[in-house]
Protein chains: 2
Amino acid sequence: MNFSLSEENYLKTIFHLEQHFKEGVSTNAIAEKLETKPSSVTDMVQKLAEKEVIRYVKYKGTTLTEKGRKVAIKIIRKHRLWEVFLVDKLDFQWDEVHEIAEQLEHIASEELINRLDEFLGFPTVDPHGDPIPTKEGLIKNSQKRLLSKLSVGEQGICVGVKDSESEFLKFLDKKNIAIGSQIEVLSKEEFDHSLQINLDGKLLYISKLISDNLYIKLDG
Amino acid sequence: MNFSLSEENYLKTIFHLEQHFKEGVSTNAIAEKLETKPSSVTDMVQKLAEKEVIRYVKYKGTTLTEKGRKVAIKIIRKHRLWEVFLVDKLDFQWDEVHEIAEQLEHIASEELINRLDEFLGFPTVDPHGDPIPTKEGLIKNSQKRLLSKLSVGEQGICVGVKDSESEFLKFLDKKNIAIGSQIEVLSKEEFDHSLQINLDGKLLYISKLISDNLYIKLDG
DNA sequence: AAATATTTTTAGTTTTGTCTAAAAATAAAA
DNA sequence: TTTTATTTTTAGACAAAACTAAAAATATTT
């Protein structure tokens with residue numbers, strides 16, 4: 001079965017939103033993510049339910065069927081492999097690739113994506129630390145963790161922030177914490193959950209507020 | 001200015017057809033190439049004329065404006081660079097890449113295509129021997145010539161056929177002439193314009209009917 | 001030059017995916 | 001438990017890009 005660009009974007013979005021919803025994904029949530037109107041979402045989910053890629057109950061939200069999940073995972077696989085290509089081969093920065101990958105993920109050829117996978121050396125995570133689904137549709141748990149969740153001794157590189165408010169980003173800048181920084185947890189303070197870390201070779205103290213908003217991709 | 005996928009396909013097609021039309025490109029010719037109806041073409045060329053990328057005179061056909069030519073050349077540049085990528089990096093065969101490149105040519109990022117160009121080592125021709133326009137929009141003459149137009153001593157590789165009728169392809173197969181074959185013109189017979197060629201190291205005689213239908217990409 | 005054939009355009013629909021405005025269902029507050 | 005607020009759906013409209021059928025313009029024959 002074939003899906004339009006728009007349908008693919010809906011399926012991908014519902015897949016991502018499902019991870020944060022216990023029940024079905026709400027119409028409003030989809031609308032917000034896709035920057036569209038709730039009424040448009042209703043139209044589309046009705047169509048997708050006809051195609052049996054989602055389960056949709058009026059006023060109750062939607063969930064992907066197994067069929068829909070497979071389609072979504074294929075798109076995510078393509079997106080993440082292209083991101084690796086852009087960063088590893090074309091030397092793009094991590095923060096520059098998302099928009100381009102949003103387009104590349106809709107290129108249809110199955111053969112293309114499998115050859116690209118091979119060309120890239122079968123990577124398991126994308127530049128943001130998110131896992132790349134296999135050809136068979138298997139997807140590992142994310143290697144991306146909040147800095148505050150790391151144990152003493154664990155290390156990795158900073159791959160993103162949770163809350164990207166300007167104030168927070170300025171603070172990070174002042175402390176020389178950037179995307180790409182190597183970070184190792186040296187010790188934890190039980191009382192206030194602050195951390196002592198090794199940042200690119202230098203010693204640094206980090207409060208819980210900060211460590212709760214930094215994503216780390218674990219080494220290895 | 002931005003163009004839809006459909007508009008881009010029209011501009012590209014008109015560019016290609018202009019090479020075979022003295023006056024304006026006919027509505028029917030565009031319709032045939034794009035496998036659509038003439039009435040749809042009329043609608044679209046009127047829209048493109050509004051956008052000043054083509055000149056359109058009712059019943060007289062269309063020609064690209066300088067603006068339209070630039071857009072078309074950009075798309076062709078992308079198409080051909082992606083073809084090089086698919087063949088050189090992902091080991092696709094020449095006859096497998098066209099369809100995929102038809103999709104990739106519509107990926108928008110200018111930065112992407114320039115980096116891809118660099119990654120591929122600034123190639124000047126695509127796998128079919130067609131020239132790749134530069135970043136500035138300059139496009140060289142094709143290095144692809146009919147075998148019958150080569151002079152004695154010239155050599156290259158076979159990159160395509162003009163008339164791809166099944167009978168003809170079978171004949172080529174029998175003679176061991178294939179896409180990728182190295183061909184050198186050893187001598188020409190004035191009387192019937194038949195050729196003596198070196199085909200991958202072996203001597204072969206070729207009639208005018210055949211040499212008029214084989215495209216050669218010159219070496220170097 | 002008139003008749004015929006071909007090409008091109010116009011007029012009116014259709015499909016896809018979106019929108020606005022209003023109605024209906026559900027959730028939250030008084 | 002009413003009332004109010006929020007969410008979701010329906011109904012109707014619109015733009016893009018295609019289509020069919022018929023009319024108009026151009027080309028080709030006779």
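Predicted model: local features only at pLDDT ≥ 70, side-chain atom pairs only at ≥ 80, totals over all residues.
Residues are numbered from 1 along each chain as its sequence is written, and chains are lettered from A in the order in which they are written. Local features need pLDDT of at least 70 and side-chain atom pairs count only at pLDDT 80 or more, while totals for chains, interfaces and linings use all residues, and side-chain values use heavy atoms, with hydrogens and water left out.

**Exercise 1.** Determine how chain B is related to chain A.

*Solution.* Begin with the superposition, done by least squares on the C-alpha atoms of residues with pLDDT of at least 70 in both copies: a rotation of 180° with 0.0 Å of shift along its axis places chain B on chain A with an RMSD of 0.1 Å. The two copies are thus related as by a two-fold rotation axis. Next, locate that axis in chain B, where the nearest C-alpha is that of B:Leu104, 3.8 Å away.

**Exercise 2.** Describe the interface of chain B and chain A.

*Solution.* First take the contacts (heavy atoms within 4.5 Å), by which 19 residues of chain B meet 19 residues of chain A. Of the interface residues of chain B, 100% are also interface residues in chain A, so the copies meet through the same surface. Then take the buried area, that is, the accessible area (1.4 Å probe) lost by two parts on being put together, summed over both; here the value is about 1,600 Å², with 76% of it on carbon and sulfur atoms. Finally, assign the secondary structure, with helices as DSSP runs (H or I, at least four residues): helices H4 (66-89), H5 (98-104) and H6 (110-119) of chain B each supply at least two residues of the side that touches chain A, and the largest share, five residues, comes from H6(B).

**Exercise 3.** Characterise the surroundings of B:Gln196.

*Solution.* Start from its place in strand S6 (residues 195-199) of chain B, a strand being a DSSP run of E of at least two residues. B:Gln196 has a relative accessible area of 18%, and is therefore buried (under 20%, with exposed over 50% and partly exposed in between; 1.4 Å probe, protein chains only). Beyond its neighbours within four places in sequence, B:Gln196 is in contact with residues including B:Glu184, B:Leu186 and B:Tyr205.
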